[in-house]
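These notebook entries record what I looked up in one protein chain. I began with overall contacts and then turned to charges and strands.

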Amino acid sequence: MEKIIILWADDEIELLKPHILFLKEKGFEVVTTNSGNEALDIVSSQPFDIIFLDENMPGLSGLETLKQLKNIAPHIPVVMITKSEEETIMEDAIGSKIADYLIKPVNPNQILLAIKKNLDHKRLISEKTTSDYQVEFRKIWMTLNEKLDFKQWADVYKKITYWDLELEKSNDAGMIDVLKSQISEANSSFSKYIETHYTDWLRSSFPERPVMSHTLVKEKLLPQLSLEGSVFFIVIDNLRYDQWKILQPIFEEYFRIVEDDIYYAILPTATQYARNALFAGLMPTEIEKIYPNLWMNEDEEGTKNQFEEELFASQMKRFGKDIKFSYNKILNLHYGKKLVENLPNLILNKLNVIVYNFVDMLSHARTEMEIIKELADDEAAYRSLTYSWFEHSPLMEIIKFAAEKKAHIILTTDHGSIRVQNPTKIMGDKNTNTNLRYKLGKALQYDKKDVFEIKNPSDVFLPKMNVSTSYAFAKENKFFAYPNNFNHYVNFYRNTFQHGGISLEEMLIPIITLSPK
């Protein structure tokens with residue numbers, strides 16, 4: 001391992017000889033100087049791993065030196081050392097992106113700790129994270145062998161998501177593989193759980209059931225309408241819970257998180273079904289029956305989600321909510337910018353509904369475009385791409401505006417997605433739909449162990465195209481492939497993000513309540 005090289009700039013450097021000697025005995029190389037100007041010259045001529053900088057030096061002060069150092073070598077961590085505890089000095093130093101600060105007199109162990117914190121922290125955090133997950137792994141494994149209810153499944157998924165994000169920061173490929181194996185096991189158990197309980201949840205007489213697509217507005221949004229001020233109901237299409245968690249720190253800059261919860265998407269976990277159910281407050285066959293002009297089946301030509309505003313208005317009326325609301329669907333950057341321009345008018349409404357389609361477009365683009373496939377090769381990359389988009393999107397501007405106007409936000413989605421890896425063969429007639437995670441048609445043939453089959457669609461409030469229509473939902477990370485040209489099809493779609501079937505990632509999705517700071 002190469003020696004760590006330290007630059008220490010202090011006008012009283014002679015008094016620090018015991019500290020310098022201590023560091024050299026620990027194996028560090030230390031270069032010293034007693035002025036800011038000389039520190040800048042030295043940094044310009046040779047590389048350093050970390051800099052200790054006295055704040056109160058004659059001539060060029062520590063803060064002035066710091067600002068110039070950041071121009072010369074912005075990535076070198078700088079530890080500011082000061083005699084003063086004045087808040088303004090600390091704020092200036094922190095604003096100039098110091099890595100740490102110490103108050104004089106400092107002892108050698110403080111210096112050593114600062115070096116470890118700033119240069120060795122990734123390794124230390126990685127080792128601690130790995131160790132902690134090894135303990136948690138056993139707890140989660142034991143939990144998966146218990147008889148869980150829908151609330152406990154949501155808790156398990158939250159824990160798995162937490163460790164997925166934590167282990168991503170480490171370089172322990174072995175533990176990441178262990179986690180992937182545990183996620184796979186969890187999805188297998190979850191699929192069996194859904195097969196057993198899903199139909200029961202949809203019976204009105206059933207006592208214990210989760211919040212689902214068709215009950216979300218009633219149970220989560222309507223109570224917020226009694227609050228003072230405007231409410232933004234933002235539906236980011238196809239937003240997984242892990243994607244929400246990486247966006248959360250951005251939201252927390254502007255809002256307090258009142259509730260970070262999970263609800264269950266209905267089957268199929270696809271926009272046509274889940275989002276229409278969300279906006280209507282009804283299951284698909286109920287929409288088809290009550291509003292036949294606002295529902296389109298799979299075999300009908302046209303956009304399947306073109307009546308969301310009308311469905312939502314009917315739901316508001318049904319619950320006696322006579323309020324002024326707006327509805328906007330953002331399909332591309334141009335729509336997003338137009339909406340931002342119109343925000344001063346929207347804030348006058350009690351409720352503003354915004355559907356943002358970007359994550360869904362990203363998911364589909366990843367399937368179709370090689371460049372997106374490379375950019376979002378796995379879950380971590382998919383999250384990173386989502387974060388980069390959000391930071392520079394019109395939606396970010398909407399969030400800032402809502403915070404400035406002290407509006408409330410309910411953030412959610414209609415379904416998630418899963419990275420599919422294992423193909424399962426299916427056969428059907430020419431009218432069978434094209435989705436990779438669910439199929440509906442007549443005379444479907446498939447491997448029963450790979451699917452949740454619904455022979456009578458009315459049991460789960462799904463429409464029939466004809467009297468013999470049945471549904472098949474792919475479980476875990478499987479995807480449907482036809483026997484014809486099987487290998488080409490599999491190679492094209494394996495490792496793409498899909499939705500429509502049964503998995504933790506598709507069905508357990510975020511519902512977040514935010515209040516302004």
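**Entry 1: the chain as a whole**

I looked up contacts (heavy atoms within 4.5 Å) with a separation of 6 or more, and found that residues 24 or more positions apart account for 74% of them in the protein chain. The model is predicted, and I noted that local features need pLDDT of at least 70 and side-chain atom pairs count only at pLDDT 80 or more, whereas totals for chains, interfaces and linings use all residues. Residues are numbered from 1 along each chain as its sequence is written, and side-chain values use heavy atoms, with hydrogens and water left out.

For secondary structure I recorded 21 helices and 19 strands; helices (H or I, at least four residues) and strands (E, at least two) are DSSP runs, numbered from the N terminus. The C-alpha trace spans about 90 × 50 × 40 Å along its principal axes.

I then looked up burial, where buried means under 20% relative accessible area, exposed over 50%, and partly exposed in between (1.4 Å probe, protein chains only). Of the 517 residues in the chain, 55% are buried. The chain exposes about 24200 Å², and carbon and sulfur atoms supply 50% of that area; accessible areas come from the Shrake-Rupley method with a 1.4 Å probe, and for residues only the protein chains shown count as cover.

**Entry 2: charges and salt bridges**

I recorded 61 positive and 74 negative side chains, with the centres of the two sets 6 Å apart. Lys and Arg count as positive and Asp and Glu as negative, while His and the chain ends are not counted; the place of a charge is taken as NZ of Lys, CZ of Arg, CG of Asp or CD of Glu.

The structure holds 25 salt bridges, each a side-chain nitrogen of Lys or Arg within 4 Å of a carboxyl oxygen of Asp or Glu. I examined K169 and E166, whose side chains meet at 3.0 Å, N to O. K169 counts as exposed because its relative accessibility is 58%, whereas E166, at 17%, counts as buried.

I next looked up E195 and K475, which form a salt bridge of 2.9 Å, N to O. This pair links distant parts of the chain, 280 residues apart: E195 is in helix α8 (residues 173-201), and K475 is in the loop between β16 (470-474) and β17 (478-481). E195 is partly exposed at 28% relative accessibility, and K475 is buried at 7%.

**Entry 3: strand β16**

How many residues of β16 are buried? I found that five of its five residues are. S470, A472 and A474 point one way from the strand, and Y471 and F473 point the other way.

I then looked up its pairing, for which DSSP must find at least two bridges between the strands. β13 and β16 run antiparallel and are joined by four bridges; L440 has Y471 as its bridge partner in β16. Strand β15 (residues 451-454) also pairs with β16 in the antiparallel sense, over four bridges, and Y471 is the bridge partner of I454.
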